[in-house]
Amino acid sequence: MPNIARLLLVAALPALAQPTALNFRPVAAEYSSSLDRIIMVSANPDKLRIFNPASGTDTAVDLQQPPLSLSVSPDGVFAAVGHATAISYVNLSVPKVEKVLTVTVPAARLALAPSWIYNLPDSYGKAYSVNIQSGAVTASTNSYYAYNARYNQAKPAIYGIRDGYGDMQRFDTASGAVDAYRDAPNRGTYCINPPLWFSPDGSRIYTGCGTVFRSTNNVQTDMTYLSQLGDQTAIISAFSESSATGTIATVRLVQSYYNQPDDDTVVWLYENQSFQQTGRVPLVPFTVGVSWFSAKRREELAKRGRFRPA
């Protein structure tokens, strides 16, 4: 297959879903709801791309180094791009690189907050908190497991998975830099696999297992089990929730040891209060030259709540 990526946009009716060809291969992608743009980074050439899903066009911002990671701010107006020795802080509304912040360890996993950028370990290691205004870097006193860590502005806190233990952890950031942390209660009782996602209001945490947990500032209830989303044997690789329609949309990860041949060619829909399945949207195959390919989703976005059951 040519070195080309394709993005599938699901419109109001599944039959109208159309793939859009990209002339680059995204390294990472996130969605800015305030700008209604898909933010992507690509290497060779090294760029941040602000993609307009309505027109199929993008605006590119040059980066100084190859991108390793991407995080979009909670308000959707800024992005942090991780590199081997720096972090680019990008204003998406202008758009331009506002600052390049120096780091001493590769920024392979970032979480962007309004005033801080958190450079987190992929497995076990120290967390580095970068003050956006001053550029000062604060290393955590302890080392942590913080796999797939994500920032929840509603708390404010970072949640991650303790690699190899199936355990969730919370890192408080109310004072700015990452400091104290705690494990989830009932450790090992429920399936907790990456990735992690939050509900729009930040009150729920969803895991790759489809398990749903509470996110609160109460030690007794934070990270406690709430419900299950779909079949626990179906690992979720992509997720989005629309508060406007009360709909959750997921894409499953293909697992060869389960008889689920259409896992990543279908968007599965759930009601966001009962967590019951309400429908499915088969993804439309696309062509490159004279060859047909299945639309296998790796990133999925419930843009403007447009998902509808098939």
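Two strands are said to pair if DSSP finds at least two bridges between them, and strands (E, at least two residues) are, like helices (H or I, at least four), DSSP runs numbered from the N terminus. The model shown in these views is predicted, so that local features need pLDDT of at least 70 and side-chain atom pairs count only at pLDDT 80 or more, while totals for chains, interfaces and linings use all residues. Residues are numbered from 1 along each chain as its sequence is written, and side-chain values use heavy atoms, with hydrogens and water left out.

View 1. Strand S11 (residues 110-112) runs antiparallel to S12 and is joined to it by 3 bridges, with Leu 110 standing opposite Asn 119 of S12. A hairpin of 3 residues leads from S11 to S12, and another, through 4 residues, joins S12 to S13. S12 and strand S13 (residues 124-131) also pair in the antiparallel sense, over 4 bridges, and here the bridge partner of Asn 119 is Tyr 128 in S13. Both faces of S12 (residues 116-119) are covered, since Trp 116 and Tyr 118 on one side and Ile 117 and Asn 119 on the other are all buried (under 20% relative accessible area, with exposed over 50% and partly exposed in between, for a 1.4 Å probe and protein chains only).

View 2. Asn 272 lies in the loop between strand S25 (266-271) and strand S26 (277-282), and it counts as buried because its relative accessibility is 7%. Leaving aside neighbours within four places in sequence, Asn 272 is in contact (heavy atoms within 4.5 Å) with Arg 204, Glu 241, Ser 242, Gly 246, Thr 247 and Ile 248.

**View 3. The largest cavity.** A cavity is a set of points, on a 1 Å grid over the protein atoms alone, where a 1.4 Å probe fits but cannot get out, and its lining residues have an atom within 4 Å of a point. The largest cavity holds about 50 Å³ of space, and of the 10 residues that line it, the closest to its centre are Leu 229, Ala 234, Ile 236, Arg 252 and Tyr 270.

**View 4. The second largest cavity.** This cavity has a volume of about 40 Å³, a volume being the space filled by probe spheres set on the grid points, which are joined across faces, edges and corners. Among the residues that line the second largest cavity are Pro 185, Arg 187, Phe 213 and Tyr 225.

Definitions and conventions: On a 1 Å grid over the protein atoms alone, a cavity is a set of points where a 1.4 Å probe fits but cannot get out, and a pocket is an open set with protein on both sides within 12 Å along at least five of seven lines; lining residues have an atom within 4 Å of a point.
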